[in-house]
Amino acid sequence: KPVWKCPTPTFDLTCEFILIFLLIYLSPGEIVVNEVNFVRKCISTENNQEGLWGKLICTNFKVSFIPQDPSPKQTSTLSHLLLGEHDIPLTCLEQVVTVNDTKGKKKVLGSNQKLKFNPTELILYCKDLRIIRFCFDEAGPESAKKVCLAIAHYSHPADLQLLFGFEYQGRRYHESKGIERVNGSPPRGGLQTPMFDRSSDWDREIKRTNASEWRVCSINQSYFVSSSLPEHIVVPASLTDQDLMNYAVSFTDGRIPMWCWNHANGSALVRMASLTDPLQHRKPEQKIFAAITKSHPQRNEPFRSDLDKSLPSILDIQSAFVKLRQICILDPFEESEERWLSTIENSRWLEYVRAFLKHSAEMVYHLDGKNSSVILQEEEDRDLNCVISSLVQLMLDPHYRSLIGFQSLVQKEWVMAGHRFLDRCNHLKKNDKEESPLFLLFLDCVWQMMNQYPAAFEFTETYLTVLSDSMWIPLFSTFLFSSSKQRRQHLMDFAKHKAIPQGEDQVVYFPPVWEWSQQFSTKDQTLFNNPMYVGKGAACVQNGEVKTFKRTKKAYSSTLRGPSTPVRNGIKGGEDTLTRRVSLVTELKSELTPVKDESPSERFFKEWFSRPADLQGMLIPLVMPSHMAFWKLFFLRWVPEACISKGGPVTTYHKLSQLVDEIEILQSQLRQYKGTSPRSTPLPNPGGPPSERRRMYFKASSPDDPPTPPDYLTSSFPFTPEGNLSRRTVQGTPISKFLNGARIWLSTETLANDTV
């Protein structure tokens with residue numbers, strides 16, 4: 001278990017040397033590297049301009065600040081089981097900056113660098129958009145310098161194995177094994193999300209989608225054919241293993257076309273890398289395409305989409321994100337709304353989000369409207385293909401809009417398909433040119449769909465935000481590696497080094513992020529549950545009677561035809577839905593085609609948007625520029641000026657959660673009444689199901705509760721801006737001075753001429 005330790009005692013000079021012990025929460029394998037006392041953490045709140053005083057500590061896992069006077073636990077924030085309120089994982093640090101206001105100097109610190117001046121201030125720029133500032137007004141100058149250098153050094157690991165997750169999971173494995181020998185444990189720790197590292201997971205997916213003309217192939221066993229594909233892939237049943245091995249050499253890194261998903265009409269979604277030599281290797285490609293055609297019931301030829309030519313590059317996406325990140329943390333936050341929104345637009349981030357959604361909708365048309373298989377082609381098949389293939393399946397298959405289904409989608413199309421998480425997240429901070437927030441862009445696209453169809457997804461935007469934040473916590477195998485082979489090699493070396501028995505399941509000794517109990521309590525995990533979700537097995541009320549949804553068109557059309565604003569036809573907004581929806585037809589129309597008769601694609605989208613949305617069927621997002629919304633919870637959660645007390649979407653979430661919890665209590669009571677015999681009718685438990693089994697974070701209200709939302713509810717819930725985006729203070733340095741670069745957060749000029 002994690003332990004509380006006291007690194008060194010702190011003497012408060014203003015209290016006649018009273019000994020104060022400041023405890024730090026240490027995880028298994030975590031050690032204190034360096035520390036400094038009498039540090040002030042800058043807090044951007046009106047009632048606490050002086051900040052918090054305490055101890056700044058660097059461990060081999062995180063930067064930790066221990067306040068001298070611990071503030072009471074905040075009700076409005078997620079309570080992380082491995083990170084304290086003031087902790088920052090070292091992997092989350094983007095830049096470590098030291099400043100000396102007196103001498104007018106600053107320096108961006110890297111690994112094994114020297115610092116020639118004594119810092120008066122430390123600024124930590126984080127990958128989750130936080131900016132944390134510490135002042136060393138009363139701290140010892142040498143101690144301050146040492147802790148700054150330690151933070152910079154340990155946030156730039158020289159090797160992947162030096163990330164804290166390897167030490168932590170090794171200790172956790174052996175400790176948990178001692179408990180399991182007494183109590184026993186289910187296989188894979190009871191994990192419900194399929195990992196797709198076994199042929200059985202792919203077999204189940206083939207059967208679930210009724211892809212009878214496709215089969216699981218294991219020619220990549222031990223990564224013999226491709227270093228980036230998983231060991232098991234799905235291929236046309238008409239192709240032999242020998243054929244596939246012969247064809248693989250024609251594709252980049254041996255990444256032959258790989259099946260992703262099957263439509264009920266028999267069309268398939270396939271992804272592939274480009275040919276190494278298009279002129280010499282055209283014949284193998286044609287044979288594979290012929291096999292894909294043969295797998296279709298009507299033998300329809302597949303449609304190929306070259307994403308490298310159709311979508312922004314990873315460098316474009318990174319550039320847009322850097323601009324957006326700077327806009328979201330500018331100091332001060334005082335421009336007019338119109339100007340601020342135009343600045344957001346000029347970053348091109350929302351333009352790129354829209355481009356990916358629009359292209360995915362076009363692929364949906366080919367799969368569903370034209371009954372054609374779709375082949376997504378990208379040079380390496382490891383970046384843009386991950387986004388588009390995931391979005392297409394999310395639009396077409398309601399299974400992926402459930403929590404477990406969504407996690408299996410990410411595992412299948414990102415983790416096992418070989419997305420370069422190690423490079424794109426830049427965990428080792430070795431190559432900025434490889435860094436690109438593809439996964440965040442995908443999550444933003446998902447949020448756009450959730451924002452338009454709020455009842456179609458089982459999970460919430462809090463879940464998406466926490467999932468993004470988990471990329472910067474190096475304790476899980478999901479986001480640490482760039483391929484299955486790299487994961488296998490590193491974890492085999494890790495197991496050998498930690499004396500883990502050969503043959504032990506890697507999911508057991510280095511689990512994925514999907515085991516949320518590693519990070520959050522059962523209660524906090526209920527923040528992932530959407531109270532509006534209309535999914536398979538979800539309860540509804542018809543004619544005063546509680547019923548369960550079944551996947552029939554009649555049931556859905558009867559229950560979804562009549563909603564009024566703000567949710568109508570399964571989408572948000574009070575405008576004329578048909579008018580807004582038909583606008584997609586114009587967007588998806590080729591700009592080169594003169595406006596005359598309706599094209600087949602225009603008729604397809606017009607017909608779909610004219611019908612009530614089936615939340616358990618195909619969902620197509622609106623993709624006009626005016627339909628793209630800004631994901632405020634993610635991008636503005638740390639900005640104090642954007643934080644609305646008792647406002648924002650959380651107020652609706654609060655009321656709906658209470659209502660759903662009350663309904664589930666009544667359902668539990670009804671079941672207890674129905675389950676009792678006529679002669680024995682005990683009163684049901686007035687509290688309903690036990691609290692650990694209740695799905696909603698906010699419980700049903702009582703008559704004594706006030707009608708207004710709780711005071712701790714803000715638009716940033718369950719996050720808080722306090723201390724996470726520090727502003728300029730009397731002694732501080734203007735943060736806006738650090739935001740002049742396009743590729744980096746900081747300018748390279750000194751502060752000699754700055755006015756404070």
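This is a predicted model: local features need pLDDT of at least 70, side-chain atom pairs count only at pLDDT 80 or more; totals for chains, interfaces and linings use all residues.
Biologist: What is the strand order in the open sheet of 4 strands?

Modeller: The order is β15-β16-β18-β17, and the pairing is mixed. At the edges are β15 (258-262) and β17 (303-306), each of which pairs on one side only. On average, neighbouring strands of this sheet are turned by 20° against each other, direction ignored.

Biologist: How many bridges join β15 to β16?

Modeller: There are 4 bridges between β15 and β16 (residues 268-273), and the two strands run antiparallel. Within this pair, Trp259 stands opposite Val270 of β16.

Biologist: Which strands does helix α10 lie across?

Modeller: Helix α10, residues 384-396, lies across β15, β16 and β18 (374-378). Its direction is at about 175° to β16.

Biologist: Changing topic, where does Asp87 lie?

Modeller: Asp87 is in the loop between β7 (62-67) and β8 (88-89).

Biologist: And is that residue buried or exposed?

Modeller: Asp87 is buried, yet has no salt bridge.

Biologist: Why does Lys62 not count as a salt bridge partner?

Modeller: Lys62 is the nearest side chain of opposite charge, but it is 4.2 Å away.

Biologist: What does the side chain of Asp87 reach, then?

Modeller: It reaches the backbone nitrogen of Gly84 at 2.7 Å.

Biologist: Which residues is Asp87 in contact with, leaving aside its neighbours within four places in sequence?

Modeller: Those residues are Lys62, Val63, Ser64, Phe65 and Arg130.

Methods:
Residues are numbered from 1 along each chain as its sequence is written. Side-chain values use heavy atoms; hydrogens and water are left out. Two strands pair if DSSP finds at least two bridges between them. Axes are lines fitted to C-alpha atoms, for helices over the stretch in contact, and angles run from 0 to 180 degrees between N-to-C directions. Contact means heavy atoms within 4.5 Å. Buried means under 20% relative accessible area, exposed over 50%, partly exposed in between (1.4 Å probe, protein chains only). Lys and Arg count as positive and Asp and Glu as negative; His and the chain ends are not counted. A salt bridge is a side-chain nitrogen of Lys or Arg within 4 Å of a carboxyl oxygen of Asp or Glu. A polar contact is a pair of N or O atoms within 3.5 Å; within protein, one must be able to donate a hydrogen and the other to accept it, and residues adjacent in sequence count only if both atoms are side-chain atoms.
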